[in-house]
Amino acid sequence: MGGGTSAFFTLETTVTPNGTTAFGGTRQAFVGLQKKGLGAVSAGTQYTPIHIAVGATDPGQQNQMPGNVIYAAYTGAAAAPATEAGSTDAYTTRTANMLKLVSDQFYGFKVTGTVTANNQNNSQVTTTTGNTTTVTGGVNNQNGWGLGVDYTWQKLLVTANYQAFTSKNPYVVNNTTGVASPVSVWGTATGGSNIQDNQAYVAATYDFGILKAYAGYVNRKITSGINSNNYLKRTGQQIGVRSYITPTIESWASVGNGKIKATYGGATANFFGYQLGSNYYLSKRTNLYAIYGQSQTSSSAVTGYVGAGANQYAVGVRHTF
């Protein structure tokens with residue numbers, strides 16, 4: 001655009017192995033402006049600061065396999081700020097309606113800030129089916145913000161990130177008493193209803209030359225907006241290494257553990273995971289890969305949260321266009 005200013009956009013969708021597509025904002029879709037020496041601003045459905053930071057500090061490079069306790073992958077879509085937030089996740093990956101500011105690097109520091117808003121106010125509708133009466137509509141607010149700071153010094157990278165999301169939804173009439181009462185629930189596919197979701201991630205990498213070392217810690221707490229004594233908390237820490245064994249063979253390994261606690265029902269569990277993987281580069285753009293991962297959970301009572309005893313392997317070919 002001239003004067004060091006440029007425009008950019010990203011539009012991502014899914015093409016499955018059988019050739020079908022799944023279009024409709026299932027991934028990133030945003031547009032922005034960038035100014036050299038200052039930074040960039042963008043708006044749309046975008047990755048959160050924590051997801052960007054994990055991408056730079058994950059030894060497995062967010063490969064969606066079991067065994068990674070930081071990037072406990074969830075593949076659902078994100079139509080609202082707190083939507084892509086299944087309880088197996090360590091953090092929210094992306095949100096819609098996001099305004100993002102990313103600075104250029106100054107004296108080794110780079111700052112990312114985000115604001116997310118998805119506010120609706122619809123007419124209330126009362127529906128009665130048998131003995132069940134429900135009320136839909138009303139105010140539905142799902143908002144959030146995020147802040148990330150990266151510091152790079154020679155071969156060292158340190159990152160600290162925090163993001164928070166709030167979901168405030170309308171009342172539902174109790175089918176027994178007929179009295180309007182607020183609902184506070186957590187769903188793997190839909191995220192939260194009347195909840196406060198706070199997430200933090202800190203990590204560091206150091207390139208020793210023969211290998212690159214990784215360390216990270218994540219903390220997430222989802223609290224009921226109706227009763228603060230009800231919450232779901234997940235923490236995890238992980239270390240790993242990544243190295244070229246030969247000029248064409250790259251390998252990595254990671255190991256980590258953590259804990260999850262849900263005050264409703266008193267469910268508590270410790271979990272553990274590890275992952276091994278390798279890439280064989282046929283060319284700069286094409287490689288073969290093999291990955292094995294395993295995770296274990298101390299209690300089956302929280303199977304729906306972290307998975308109990310999962311192991312998986314994957315082999316394939318990747319080509320970068």
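1. Burial classes used here: a residue is buried under 20% relative accessible area, exposed over 50%, and partly exposed in between (1.4 Å probe, protein chains only). By that definition both R220 and D197 are buried. Accessible areas come from the Shrake-Rupley method with a 1.4 Å probe, and for residues only the protein chains shown count as cover.

2. On provenance: this is a predicted model, in which local features need pLDDT of at least 70 and side-chain atom pairs count only at pLDDT 80 or more, while totals for chains, interfaces and linings use all residues. Residues are numbered from 1 along each chain as its sequence is written, and side-chain values use heavy atoms, with hydrogens and water left out.

3. Salt bridges. The criterion is a side-chain nitrogen of Lys or Arg within 4 Å of a carboxyl oxygen of Asp or Glu. Two salt bridges are counted under this rule. In one of them, the side chains of R220 and D197 meet at 2.6 Å, N to O. This pair links distant parts of the chain, with R220 in strand β13 (residues 212-224) and D197 in strand β12 (residues 195-207), 23 residues apart. Strands here are DSSP runs (E, at least two residues), numbered from the N terminus.

4. R242 and E250 form a salt bridge as well, with their closest N and O atoms 2.8 Å apart. R242 counts as buried because its relative accessibility is 6%. E250 is likewise classed as buried, at 7% relative accessibility.

5. Surface charge. K221, K233, K259 and K261 gather in a patch of positive charge on the surface. Patches are made of residues with over 30% relative accessible area and no salt bridge; like charges are joined within 9 Å, and nonpolar side chains (Val, Leu, Ile, Met, Phe, Trp, Tyr) within 5 Å. Lys and Arg count as positive and Asp and Glu as negative, with His and the chain ends not counted. The place of a charge is taken as NZ of Lys, CZ of Arg, CG of Asp or CD of Glu. K233 belongs to strand β14 (residues 231-246), and its relative accessible area of 33% makes K233 partly exposed.

6. Backbone angles. Most residues other than glycine have a negative phi. N97, which is not a glycine, has a positive phi of about 55°. N97 sits in strand β4 (residues 94-103) and is partly exposed, with a relative accessible area of 42%. Y107, also not a glycine, has a positive phi of about 55°. Y107 is placed in the loop between β4 and β5 (109-129) and is exposed, at 82% relative accessible area.

7. Glutamine pair. The side chains of Q294 and Q296 are joined by a polar contact of 3.1 Å. Such a contact is a pair of N or O atoms within 3.5 Å; within protein, one must be able to donate a hydrogen and the other to accept it, and residues adjacent in sequence count only if both atoms are side-chain atoms. Q294 is part of strand β17 (residues 286-297) and is buried, with a relative accessible area of 18%.

8. Contacts across the sequence. N279, in strand β16 (residues 267-281), is buried at 4% relative accessibility. The C-alpha atoms of N279 and I249 are separated by 5.7 Å, although the two residues are 30 residues apart along the chain. S167 lies in strand β7 (residues 156-168) and is buried, at 2% relative accessible area.

Note on methods
Helix = DSSP H or I, 4+ residues; strand = E, 2+ residues; numbered from the N terminus.
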